[in-house]
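These are my notebook entries on a structure that I am opening for the first time. I wrote down what I looked up, entry by entry.

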Amino acid sequence: DAQAVGVGPLAIAVGSPGRGKPSGAMLASMGMSAMALGVRMFSRALRTFSHLVPRTFLRFVPRADAALSLTSFYLYAQSLGLLWVFGVSLLAALATRTVTLALGADGAAVIQPLRAITVIYVYYSTLRILFLFSRTMWTVMWETYHDFPTMRHMLLGTPFSQRTSGVSASNSSGSPERPSTTDRPLTTPQRTSGHSDINADEGFQRQVSPVTPETEAFAARRRLVLATPLVVLICLNVGILIGQALCEEHLDGRCEGLDVFNPTSRVNRNLRFVLFVAMLQWVQAWTGLFPLWQIALSHAGDFAGAVLSATLVLLLVPASALRFAFWLLRPAGTGVSQYVIFGFRHFFVDAALVAGWSIWLFNASLVVLRPGLLRSSGFKLRRVAQDESWAGLTASFKFTLLVWQVVHFVRGCAKLGFAHAQSDWLFTTFLYPWLLCFIWTTTFVTVSIARYGAERFWTMVGASLGVVVPCIAARLVCVAAGLNEHGLLVTFVSLHLVRQAFHFARKFQRLSKSRAGGGKSGSDKPRVVAFALDPSRNKGLEASTTERRLASAMIRVMLLILLTFVAVLAGCVLLGGVQKRAGLFLEDFMWWRSESDGLQIINSGISRLKLVTRDKGQAEQADPLKILPQATSPYAVCGHTWYDLSLLDYSLLSMVAYLSPTEKNQVPELLRRLFPNKEVIIHNTPSRTRRWLELEVRTCPEGPSSPSACSSVTVVAVSGTDPTRITDYAENLRMWTEPVGLQILSVLFPTVRFWPRETTAVVISHVHALLRRMALGDDVWHYQEIMSHVQQMDPRLNVTVTGHSLGGGIALVVGALTSRLAVAIQPPGVYHSLAKHQAQYYMGRQETADYAVHQRSVTLKLEGDWVQHFDEHGGLVQTMSCDRSHQGIQLGCHMLEGAVCHLLRHCGDNEERFASCRHEYEPQSAVFEVGRALLSSFKQNWEASTWRPPDLTKSIGPGLLTALCVSHLAGLPQRLLLSLATRR
């Protein structure tokens, strides 16, 4: 009949001849019929795309449901991994800042006790909320994997579950065994004969059991479960609308850093897409629970049903279809000029449409959930109770998410390229779990508040006070801590205080009920929902015990790595601060001495470089390591020069940077011996953090008598890691935290390896942007004074920044940030980690920052050097073989002296300075260096007239510290060294 298809009684009246009606009423009836017909056509189309297409896919693709569950699980786990990377950076920055403040180093101000307490509480709240949110994401991940058993339980209600029983099972002897009601798995409820499935409010079967307050409570909870996600979507979309309206023009910089409300930012654009997908999923779930919703609307017979039908047919459907066509065929992209739809900017239209659909669904839910219309909507809890029906609904839910993400990715690839599409994909896969976790948490909090509230009015008043008062208190706490300008911290403290207020109210309610009931605590306790985590609490999940144990083991390993890294970093910062205060430094761990046939350079007593000059006539001796007139097996970089300096010259200058320009070291004499055909001038470069030199190198092909033919270049040479300075180890850990974290993450998630540089740069830059908004920005680096010095140089000068190891990494960063040439010898890569330095220091030219490392950098790396794997390399990279690959684990391939010898043998010496080269590497000599330092210090103190323990500590400290650091780098056991130190 007409009502069965949703046409309605007014359409029957219009179609019946002989009924004389005024023309106005007839036109109104025809309009209502047209709207009813439009609603019916839309419902059929919606059912086709929301349910028939996913079911067809699941029917014809083998194991499609398992693949969808695993893919969803992977996306959630990857989001947890990204949160782990952020946690590593957060705890590293927090540990560094805490130790620095405790030591009072680098001009850190002393914090008053009250302020210190409030600061500690602020960051405790931050860490606590992040931990709780991670645990929530872990819970939702398993709920998604197991087809949302907890949500199913909340929809079914305990009275319905208690009237069902489990499927018959077989025991070990083969006889049938019927599980009891308490042991029945929740995921396999069956209908029991002689009982009704639900009370009259659910309306698909005649009432058998009487309506009780308990059944009414479960019906009210079911309505909350269905309505709360829509309220959350409405609030989020309205908030984005208001924020975009206020921040569209960025007046007075009030929205600086608020990427959520910046219409051109990637965060805002992908958040709008995620909200759109969430709305589609809820439409899918809503139509699955209410398959005949259009009939319920037509039977409403009041103003609400007519308005909902008219809004759907005349506004939402045509506007959404037009906007979808624009979105699919004309992507806006980040930073691209926005286009106008219906007289409004496209981002306003997006948020307004999703908010409109959410409001429509909310009001439609209020209509179809009426007791008289619920039966007409086709709502049946049997669909939720039956395994096959519920599995199909949840599989369609996952199918919608993955299909729209694929559409979004393909659309981005076709219009904006793979790198841009991959970055958007990453944002959507990260924002969606956060959104679902937020909806999940809000729903359970709302249900809990409604369950504990006896009266609706006072419950709402208490909930409002429980939100407003903690927010005001959080603001006051942040003001006392001096962090009130950081809104993100205020938000974390507010959430923590609201959570504590909620827990206090719940405990107070339980205590009040316990006292009112005379101390009864058995059946009066509220039922705790068993999440899909522990198989002992939900026996329907026993099949996935192995997966859960494996995932838990991985989580423990990742947490162990995080805590170990933070502990090592904090220890390095602490020991480095103590070392700086006590002055326990060796003046130079590298020195040189002149010999009759050349010179020798010694590095920490374990690496020796012997350079024999040609003017002594040693070129013809039978030396297996001699330099031939024409180098054999030359590399592609051989013969190339940059500002008349070869790669060998830059390696020698990087070596000189390890020496302080004091009278004892005779650095000018060393430069004269290394560059006899050039004029090298040392400029005064005082350093507070690490050694570096500014050298002016003049090359005159026709001799000093023709200055017009001379070329000049200013070389800023930066020293590498000083094994006697513990702060250098901390600097290495801080500079390459994120790339190493992403490499560890790629072991568990192979798709991370396929991320382009733009994607990793987006991750790293946003991590540090969040840290800055939490007053934990990493803005103190060893290269700051070097970069400031290079920025002040005349732009017309030829400037090159060079260095070895850590100095090479610093050279690449400074060169990229200042657009100067960088020549790095055996550095860790900076291809990805450069993003955090660009976000902080690049001034106004960020559009070219991503390519600076490619255009003006030269890198030399050796096979077998594991230091180079901390990050990837960009620009011109020359890879050479290692002559000491058998000692690679002991840093034998990382020694600069070995690289110099390798360059001399394979590229030759165009200036004919050296006849031969010999490199010796003996890490075992570190033990003898320790023994010699200890014996020497004891002898001096024994012969002294007065002996004081501080003198002994000051005497043996540098030698012992140097030996420990060098032996650690060489991979030697340290138990002998520590035992010697303990005995002494």
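I looked up Ser396 and found that, leaving aside its neighbours within four places in sequence, it is in contact with Ser50, Pro54 and Gln284, where contact means heavy atoms within 4.5 Å. The model I am reading is a predicted one, in which local features need pLDDT of at least 70 and side-chain atom pairs count only at pLDDT 80 or more, while totals for chains, interfaces and linings use all residues. I also note that residues are numbered from 1 along each chain as its sequence is written, and that side-chain values use heavy atoms, with hydrogens and water left out.

I then placed Ser396 in helix α13, residues 387-416; helices (H or I, at least four residues) and strands (E, at least two) are DSSP runs, numbered from the N terminus. Ser396 is buried, with a relative accessible area of 1%, and the terms are set as buried under 20%, exposed over 50% and partly exposed in between, with a 1.4 Å probe and protein chains only. A polar atom of the Ser396 side chain lies 2.9 Å from the backbone oxygen of Gly392.

I found Ser857 in strand β17, residues 857-862, and its relative accessibility of 6% counts as buried. Not counting residues up to four places away in sequence, I listed what Ser857 touches: Leu812, Leu821, Ala822, Gly874, Gly875 and Leu876.

Which residues have the most contacts inside the largest nonpolar core? I read that this core has 131 residues, and that those with the most contacts inside it are Tyr123, Met141, Trp286, Phe290, Trp293, Trp360 and Leu745; a nonpolar core is a set of buried Ala, Val, Leu, Ile, Met, Phe, Trp, Tyr and Cys residues joined through side-chain atoms within 4.5 Å. Helix α3, residues 64-103, gives the largest share of this core, 16 residues. A second, separate core of 50 residues includes Cys638, Leu653, Val823 and Phe914.

I recorded 30 helices and 19 strands, and buried residues make up 50% of the 984 residues. Of the contacts with a separation of 6 or more, 73% are between residues 24 or more positions apart.

Terms used:
Polar contact = N/O pair within 3.5 Å; in protein donor to acceptor, adjacent residues only side chain to side chain.
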